[in-house]
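Please look over the structure below. A few questions and answers about it come after.

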Amino acid sequence: MTEEFGLVEPGAGEGDSFGDEWEEIDVSDTEADRIARQRDREFSEFRERLKDADQFKVEQAVFDDATFAAIYKLVQDGHIDAFGGPISTGKEANVYEARGSEGDVAVKIYRINTSNFRQMRDYLEGDPRFEGISNDKGQVVLAWTQKEYANLERAQRAGVRVPTPIAVERNALVMELVGLVEERARRLAEVTVENPETAYEVVREYMRRLHAAGLVHGDLSEYNLIVHDGELVVIDLGQAVTVHHPNAGDFLSRDCRNVAAFFQRQGLEVTADDLHAFVTESEGADEADVTEETDEAG
């Protein structure tokens, strides 16, 4: 499979600040929660229609009223016109193809009742954007969804090719659909990489840009990188943490080991240590500049 793996350009405008650990993320009640509490007739009818749809019948036991209300609100706001079939199903979330006002989109719906609550808390605790989050499972899942949306926005501004985030409502995230259900984008682990050198250069550059933007993916491997139209796309940024998270260093080291191991299997002579040095080299250069300036001043 021959691919070009071209880099995308950073999207940050003049004055944009990367790595701002204190950006606000609101996890208070949303319009979906208010709609669910009111249970107006129009919403009730919408909920029953959605529950009767073939692709949602299996979900009736795990989707609460507020989840249906979140979808209802996204429909009202024009982000979703119609649902298609599931793209993927998992313990934490299901991803569906949908039609939106700007074409096909993906809708990722996190499960309130069956998500891995303890694992989510490991990634949320220590992130200053989520200080004060309670131990309530529902709040943790809602915070996680907001976190993924914010991480996608930050990564895209930094010039990392990720699915474009479109809207978020409670535990439902609407984003760019990368590939169609019938011709879905393949994970890097599923393709024959004919130009591993170029692919590695793109992946390590995206890791460096993420780190410069104040983020560590935290679960990066050939299974969270997909290939579509000659591009490498980084996915699943829900667990990505800020560089000041207490476990950020361990997460980055693990990412480097995973990525290096994959490309070693492709025949490249790369190491996790070299990759780690490349990802963090701008940080080291900045520190060196500061030291040099201090010495000159002394």
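Predicted model: local features only at pLDDT ≥ 70, side-chain atom pairs only at ≥ 80, totals over all residues.

Me: How many residues of helix α3 are buried?
Reply: Helix α3 covers residues 65-76, which makes 12 residues. A residue counts as buried at under 20% relative accessible area. Among those that are buried in α3 are Phe68, Ile71, Tyr72 and Lys73. The helix is mostly covered, and the number of buried residues is 10 of 12.

Me: What distance does α3 reach from its first C-alpha to its last?
Reply: At 1.5 Å a residue, 16 Å is expected for the 12 residues of α3. The model comes close to that expected value, and the helix reaches 16 Å.

Me: Which residue just after α3 takes a positive phi?
Reply: Helix α3 is made up of residues 65-76. Just after α3 there is a phi of about 85°, and the residue that takes it is Gly78.

Me: Is Arg170 buried or exposed?
Reply: Arg170 sits in the loop between β4 (165-169) and β5 (172-176). Its phi is near 55°, a positive value in a residue other than glycine. The cut-off for buried is under 20% relative accessible area. Arg170 has 9%, so Arg170 is buried.

Me: Is Asp229 buried or exposed?
Reply: Asp229 is found in the loop between β8 (225-228) and β9 (231-234). Asp229 is not a glycine, yet its phi is positive, at about 50°. A residue counts as exposed at over 50% relative accessible area. The relative accessibility of Asp229 is 69%, so Asp229 is exposed.

Conventions:
Residues numbered from 1 in each chain as written. Heavy atoms only, no water. Helix = DSSP H or I, 4+ residues; strand = E, 2+ residues; numbered from the N terminus. Buried < 20%, exposed > 50% of the residue type's maximum accessible area, 1.4 Å probe, protein only. Expected span 1.5 Å × (residues − 1).
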